[in-house]
Number of protein chains: 2
Amino acid sequence: MSFNNNVATKFPNLKPRGPGGEALLNAERAKTSFDIKELSKFMYTEEWLIKMNNVLQVISNEPAFDKSNRYYQSRTDKIATGLWKDKRMIELAREHMWDEQDTRLANFLYDQSTPFSLHYGMFIPTLMSQTTNEQKKLFLEPALKHKIIGCYAQTELGHGSNVQGLETTATYIPETNEFEIHSPTLTASKWWIGGLGKAANHAIVMARLITDGKDLGPHPFCVQIRSLEDHRPLHGITVGDIGPKFGFNATDNGFIMFDHYRVPHVSFLAKYSQVKPSTGEYSKPPNAKLSYGTMVYVRANIVMGVRYALAKATTIAIRYSTIRQQFVDAANPKKWDNQVIETPVLDYTMQQYRLLPIVASAYACFFTGREMLRLYDLNQEAMQQGNFNLLADLHASSSGLKSLTTTMAVESIEECRRACGGHGYSNFSGLGQFYQDYLPNVTWEGDNYILTQQTARYLLKTFRNVVAGKAEPSEYNQTITYLTQYLENPTSKCPATKPTDFLNPELILSAFGFRAAFGIAKLAEQIDRHGRTWNSMLVEISRISKAHCQFMLVRNFVVTLQNDPSLSTPQFKPIVNVLKTLAYLFALHTMEKELSEFLLSGYLSPEQSAMLKEQVISLLEQVRPQAVGLVDAFALPDYYLHSALGRYDGRVYESMTKMAEAEPLNHTLVVDGYEEYIKPFIHQNKDKTAPSKL
Amino acid sequence: MSFNNNVATKFPNLKPRGPGGEALLNAERAKTSFDIKELSKFMYTEEWLIKMNNVLQVISNEPAFDKSNRYYQSRTDKIATGLWKDKRMIELAREHMWDEQDTRLANFLYDQSTPFSLHYGMFIPTLMSQTTNEQKKLFLEPALKHKIIGCYAQTELGHGSNVQGLETTATYIPETNEFEIHSPTLTASKWWIGGLGKAANHAIVMARLITDGKDLGPHPFCVQIRSLEDHRPLHGITVGDIGPKFGFNATDNGFIMFDHYRVPHVSFLAKYSQVKPSTGEYSKPPNAKLSYGTMVYVRANIVMGVRYALAKATTIAIRYSTIRQQFVDAANPKKWDNQVIETPVLDYTMQQYRLLPIVASAYACFFTGREMLRLYDLNQEAMQQGNFNLLADLHASSSGLKSLTTTMAVESIEECRRACGGHGYSNFSGLGQFYQDYLPNVTWEGDNYILTQQTARYLLKTFRNVVAGKAEPSEYNQTITYLTQYLENPTSKCPATKPTDFLNPELILSAFGFRAAFGIAKLAEQIDRHGRTWNSMLVEISRISKAHCQFMLVRNFVVTLQNDPSLSTPQFKPIVNVLKTLAYLFALHTMEKELSEFLLSGYLSPEQSAMLKEQVISLLEQVRPQAVGLVDAFALPDYYLHSALGRYDGRVYESMTKMAEAEPLNHTLVVDGYEEYIKPFIHQNKDKTAPSKL
């Protein structure tokens, strides 16, 4: 018998050694102390889970949504596949009468940005919020019907975060009642614009409005860029794709340059500011404060998105870590059917230390995202009644939380990938491309470093107000509360005398509040008393933003578990118990990671630090048997994960070999290039009459 | 005038705004306080630089070595291009009578692993070291002439670091004097084997030797796997490519399974152990200690390689950070030709804090790599005289240093990529694919987590010896020295009373030695007195390995600058001055990063920590004007960097647009898929008789 049937890529019909992934995972599931499905329902609601399942049924049978080629495609293939999916999505939404949530779910499950993504994500929302009624008819209506496809062109080759530095101009020409859009230099080229490279025929262009000789800074214009007849770029426009990227390669991020390109007066999006026809007179937009509310909403959703990212990464890494075995732990050998087997890597403390705090942080982001959405609603109501009291704190926290949690996410995804050992490096892990695609989150919606400065500015201002007696603690402003507590007792000490003392919500919140306040006070001292410049303090500035946001994450996790009425019923007890352990792990592991700050503030002593570390290891041990249950509760379907390592059924090795069989290089038995590049050496003496020297 | 000439990808002939990259970089170079070329010569020798330049001249004119397609190629294209380069490399070496160093330089500059890489990297070296004379004639000689192409097949689908767990068997068959190689399960499939997927026709296969019913564990066999006639896999073998990976996609990492595959007796590599023909009697290999020397050598070279990786990443990030401008720093506005321009991002403390310590660590790795090679030579000499005194310390340090420095490298490359802002995400940065390709370094030649256990085992053993009075300090064993010092005074304190006190080599070495010894002592206490298991202490175990190796890195940097005679001449003074500042930055920044350990050991007080932080910021300020000079001194040619952001001439934006023009998607004006997927929506009402509703 032979298994070489001249198809190089057909693996023999053999099993993996040992118990196999399915049996190992099922044994893990049997250990779970709580009802996994109930926990899923608590996080998502049953309704959402049913909706997801319905959408999944539809798209998993759609060739346009098939993922089996995803890891083998060239850039050009990816774009074409992306366009196919975009078209089919529109049709499916009609066929199945999908509402907005269904469509969002389909996109979530497909999990790859495509050429039309920014049409929905930026073009339509901008047209909704910044246009007059006339403009809605002209641009928004056809956009909703896909008669025009758009994108959002702000960033330039030489200009990113500093919007005021944009170079593209839009000069009002009173004679013809037009604007002339122009790119004066190479660095003025719009760059990175999703959907612009090949797909869009319209763009919102951010350009400096110049009228009556005055430069009024960047304003939005809706501009046609490609022909609606044949899709060719219009005269005066140079447009294309910016080339391959680290990730996001199914999206056609593009560039565009304008050469004295004229657009009609109606192109200027005129809901908030206007340019009067013929005179060119400019009227300013009203107070921008209201738009801060929207930013809070977007960032709350990013934090909720971090939860999915962490959930995906840990689902793969945790499941695989219970299946992957390495060495026999001599002190505690693992047995299966009375035979010693190699130890599953999740039984090693180091692997637990790397992965279980990430599981905990996924839950932390869930609770904080939920709280942010609740406060967003509260604030919107308040603002409509003219009350802007909540806004500053909410906006500052949301900036810092976006920065902190997305940075946590990219680092955690990569940590999960590496924790999968060698196979984490295979694209079949599902983690490599995921890391690459997720990365832009640290840059867009506010660069993560720059955002920390916004948060820090607010924290300093609040500190000065508290010192001056101009701010009162309130339920809605935890910043004032912890700053006030700190100022009342700036030498307070952690009361812990044994490791288990750290399992105390009050102690934890005091510690995080004290450490944040200490950093803010020190920074204020440096700037206000010692005259240090902002620039020279940027490192400390990023630290206080992080300290504040870690306080928020810990607080939202711990306090919700204490107070949420939906968790207080008896049948939720096992769930609450395991979530509390997770909350402690999240808090104490974070404390250990940032230990130097807790020590420097004088709150924690070296002896207490040793107890803290001991408690962290003990919590890892407690969470370990729940690990598979906790990631199962994220309820992420295999279609979404698209990972050989993270499958629900644990058939890791069968899946790896199946995916290897599909590698295009394996479609031929002898590699292209053999005749030209290999054979001449192998056969080097064959064509000579002299005998071989060998 | 219009610049739309119907070729979408042709950018107009415009300049970037402002001074331009070339002028900015030249201004930086003018600020350099030392002779850049002299520093390059010190690191590389003049001879090496000339050699590099000669090789560069050759390959930069070779189409097979052209990099201009590198960022656009599909996987299949990459393999074919790789084979082309492999072939041409062999020819060039002959044509130009290249020695081994020239060939290494050509591969270094080409900077991409290809299908033949493992033929040179593992197949030939194994044949050199583990074969009898008969086997050298049979395998090594044709391998050197490329009549056979080989690879090294050890790792299996289910088995990585634990070599003893490999499943593939090689059973001796006395009747025919053959071995039967067999893969009993799916997890026994060899996996990840570079060059095996499509190129190799031979493999060194690690298989469990079974003779006379006894399983003697993994041993190496040299096995033919593909036909030398037509390259088809031989009967009994299933072989192919394992599919797309996070990086390394120009290499055909492969899998192979054996179905009772027979090989002749001579296939068993018999230099160290033998199987007697017909009886099958096994004779054991001699003491394995000698091979530890080779591991030190390989790891010293990996550390030297880290230096190149850090040099490449920082050359790109530092140059671009002096060109990329963002916001105006109001407290200190940057002027150019008397005009305020946006501030180059390297002038922001945060950017300096992110990048300058990485420049310093590149130099640190250079000095440690050099010292490791020196000690390797010393040790080889000593071992030949039967003196094994150096070996244990050298081997333990080299394990930990490989782990620490390659982890530093991957984190630093990614930090540099992110520090390039949005454009760091473009493949044109040269940093994305570089990160992906570099990553396997943390796994191969010893998994970085597992290696720390080797180092820690040695540190614990040495500690116990020092406590028992069984180890004396010596020049060649710094571990014993710092442990002895610690035990003499376990409550010693840092003497610093002001920030500049930290600029003191003795203080720095005492601090790092104390902190390492403290961690080792605490770990010994936990294990020896409190009976904690090895597994439960893995987190602390990795910490002491890191602490020890950070001591070594700091020591090799600081001590060499004090003692190296080649640096003591007056004309080297400016170079030594700047290197000393770098050494301090490296040491103090590392101390700050690991601050909690210095605090926990009781060596540093919170007040001193504040001084330390102040000193780090002050060192950043001092290094800032030297930054471009320090990366220029790495002497990495543009061909090697292949980065739009890191070019020597600073023409960043011109290069970005030129590379975008070459994107294959831009070769057509209208995207493939327009007719099918976009047009139907745009023209949706055109074919109807009813008038448009718009």
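Modeller: Contact here means heavy atoms within 4.5 Å. Keep in mind that this is a predicted model.

Colleague: Fine. How much of the interface of chain B is also interface in chain A?

Modeller: 100% of the interface residues of chain B are interface residues in chain A too, so the copies meet through the same surface.

Colleague: What rotation superposes chain B on chain A?

Modeller: A rotation of 180°, with 0.0 Å of shift along its axis. The RMSD is 0.0 Å. The two copies are therefore related as by a two-fold rotation axis.

Colleague: Which C-alpha of chain B is nearest the axis?

Modeller: That of S596(B). It lies 2.1 Å from the axis.

Colleague: Scores next. What are ipTM and pTM?

Modeller: The model scores 0.96 for ipTM and 0.96 for pTM.

Colleague: And what is the mean pLDDT of chain A?

Modeller: 94, with 97% of the residues of chain A at 70 or more.

Colleague: Where in chain A is the pLDDT below 50?

Modeller: Residues 1-6 of chain A are one such stretch, with 19 contacts beyond near neighbours in sequence. Residues 689-694 of chain A are another, with 6 such contacts.

Colleague: Switching to cysteines. How many disulfides over all chains?

Modeller: The count is 0. A pair needs its sulfur atoms within 2.5 Å. For C365(A), the nearest cysteine sulfur is that of C549(A), 11 Å away. For C420(B), it is that of C416(B), at 7.0 Å.

Colleague: Is C420(B) buried or exposed?

Modeller: Buried, with a relative accessible area of 0%. C365(A) is buried as well, at 0%.

Conventions. Residues numbered from 1 in each chain as written. Chains lettered and ligands numbered in written order. Predicted model: local features only at pLDDT ≥ 70, side-chain atom pairs only at ≥ 80, totals over all residues. Heavy atoms only, no water. Buried < 20%, exposed > 50% of the residue type's maximum accessible area, 1.4 Å probe, protein only. Least-squares fit on C-alpha atoms with pLDDT ≥ 70 in both. pLDDT = per-residue confidence, 0-100.
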